[in-house]
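Subject: Structure handover

Hello,

Here is the structure I promised to pass on to you. Have a look at it first, and then read my notes below.

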Amino acid sequence: MMTAGVKALGDEIESRVDAGDRFAGLFATRPTQTAPITLSAHVATAGGIDTLEASLPPGTESYPALTPRLGAAFWYEREIHDTFGVVPEGHPRLAPLVRPGSPETPGDRALPRHVTGYGMFTIPHGPVRSGVLESIEYLVETPGEAIPHLNMRVFYKHRGVQEAFAGMTPVDAVLLAERTEGIASVAHALAFSHAIEQIADCEPPTTAQLVRVLHAELERIANHLDVAVRLADAAGLAVATTRLALHKERVMRLVSRLCGSRFGRGVVVPGGISAAPQLPPAQLWAELDRLAKPIAADAAALMATSSFLDRLRGTGPLTPERARQHGALGPIGKAAGFADDARLARPYDAYRALVVPSARSHLAGDALARLRVRWEEVDQSFRLLRQVADDLSERAPDLYSVTCEPASGRAVGWSEAPQGEVLYDVSIAAGRITRCHPRSASFHNLVLMHEVFAGDILTDFPFIEASFGLSVAGVAL
């Protein structure tokens, strides 16, 4: 861990990124109201996550913004401003992000305008929308069809999750981590547990590591199927929507049969897993086979539907250059030629021993490329799951967890969620959490939706949103 001033912090991050590392996040902490604020930046390297810090002088109300030098810090510094009130001087736009700010007066209710011209107006889309969708408000600036500018208000979903971790024991806190971003419950539990295990210097048993991979990959398949469902629904393909929703339901029912929770909750605990899977390896293999074949067949049928492909091809493109500059995570980055998969770059649990199939390279960066990446990851997940089933069948009964009760310390844990890398920066004192900062892939990636509407029109909106496959709950913690 390196500590320096803000300028030196920015210099170090830029130097690391230029050398091939990736900016992975930025947040602030202040132990008490009178204590100085500390900025903590995460940098992803080939073997781990480094933490770089800069302490602001006591009483400081501003600091030189990092965003002009490091565009990926745009939302991170807005969150810091929302939470602590400190102003990053030179930031291009400090509108509220995760918290709504002070109550509005009647004169403040006008929607923000970033594009002017004849016939321009703003469509406030949300926070309540038709369908089962999370609370987010899109401010679509348009002359009627084209979308020259898009803003997002995510603070409707803010729940105070970070503050809720304080004072909890690790055993209790992992339950909260699972509920931070519901669609990635297993990934969040893994990242949190990895941080605790680093502090305690404990290693989960091999069987537990395999079961962790089992649930992580089933979660990945369910998430990618959900994205395909939403895309097919946006295209009005009723049969495809129904078939793919059925496959997702079957995956989630398999998860429930394995552990009692459709979301895989209650499985991952610091030090290992809570219990053995409720299905034997032979039956698990048979269930995987029954799932994989029809999913592959329906995916092939969907990807051979020309009217569907026409709606995705060239829609919402993210350039490879922009993906690399931002450090885009998960399928969004992979679809634009930037891949930094934690299972490969910073392997954990049984991924260190399993053969993770390599992925194809994509450069188009559009909604079609993002869906192709997801189908490839579904196939990759089934291959990994078969390896897990084989390894479990060959193993004698084993321990499922080890004692993992750290007294004090700090560490960063990570995992690869269906949306991309999840980070947990956890500090513990006297056996209880003093601070826990989760960072989801959704938070890091969603800001890119501002940038991908060039040349697209209003009817492309549902395709672009669905193709990102992110969660608002993971943004406004």
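To start with a definition, the expected span of a helix is 1.5 Å times one less than its number of residues. Helices (H or I, at least four residues) and strands (E, at least two) are DSSP runs, numbered from the N terminus. Please keep in mind that this is a predicted model, in which local features need pLDDT of at least 70, side-chain atom pairs count only at pLDDT 80 or more, and totals for chains, interfaces and linings use all residues. Residues are numbered from 1 along each chain as its sequence is written, and side-chain values use heavy atoms, with hydrogens and water left out.

Helix H1 covers residues 6-18, and its 13 residues reach 18 Å from the first C-alpha to the last, close to the 18 Å expected. I call a residue buried under 20% relative accessible area, exposed over 50% and partly exposed in between (1.4 Å probe, protein chains only). In H1, Val6, Leu9, Gly10, Ile13 and Arg16 are buried. Seen down the axis, these buried residues fall within an arc of 130°, so they line one face of H1; the arc is that of the directions from the helix axis to the C-beta atoms. Lys7 and Asp18 are exposed on the other side of H1. Just after H1 comes glycine 20, with a positive phi of about 115°.

Helix H8 (residues 281-302) can be read in the same way. With 22 residues, H8 should span 32 Å at 1.5 Å a residue, and its end C-alpha atoms are 31 Å apart, which agrees. The buried residues of H8 are Leu284, Glu287, Leu288, Leu291, Ala292, Ile295, Asp298, Ala299 and Leu302. Their arc around the axis is only 150°, which puts them on the same side of H8. On the other side of H8, you will find Ala282, Arg290 and Lys293 exposed.

Pockets and a cavity

On a 1 Å grid over the protein atoms alone, a cavity is a set of points where a 1.4 Å probe fits but cannot get out, and a pocket is an open set with protein on both sides within 12 Å along at least five of seven lines; lining residues have an atom within 4 Å of a point. Grid points are joined across faces, edges and corners, and a volume is the space filled by probe spheres set on the points.

The largest pocket has a volume of about 1100 Å³. It is lined by 44 residues, and Val132, Leu133, Asp226, Arg230 and Leu470 are the closest to its centre. Helices H6 (206-234), H7 (238-259) and H15 (461-468) are the elements that give two or more residues to this lining, and H6 gives the most, with twelve residues. The lining of the largest pocket divides into 23 nonpolar, eleven polar and ten charged residues. Here Ala, Val, Leu, Ile, Met, Phe, Trp, Tyr, Cys and Pro count as nonpolar, Asp, Glu, Lys and Arg as charged, and the others, Gly among them, as polar.

The second largest pocket has a volume of about 610 Å³. Of its 23 lining residues, Ala28, Thr83, Phe84, Gln162 and Glu163 lie nearest its centre. Domain 1 (6-89) and domain 2 (161-447) each supply at least three residues of this lining; the domain bounds come from an automatic or database domain assignment.

A search of the whole structure finds one cavity of 30 Å³ or more. About 60 Å³ of space lies in the largest cavity, and among the residues that line it are Leu26, Tyr76, Glu79 and His437. E14 (432-439) provides the largest share of that lining, three residues.

Backbone details

Most residues other than glycine have a negative phi, and most peptide bonds are trans. Glycine 126 and proline 127 are joined by a cis peptide bond, with omega about 10°, and proline 127 is found in the loop between strands E7 (121-125) and E8 (137-142). Aspartate 349 has a positive phi near 50° and is buried, with a relative accessible area of 4%. Alanine 430 also has a positive phi, of about 55°, but this residue is exposed, with a relative accessible area of 76%.

Best wishes
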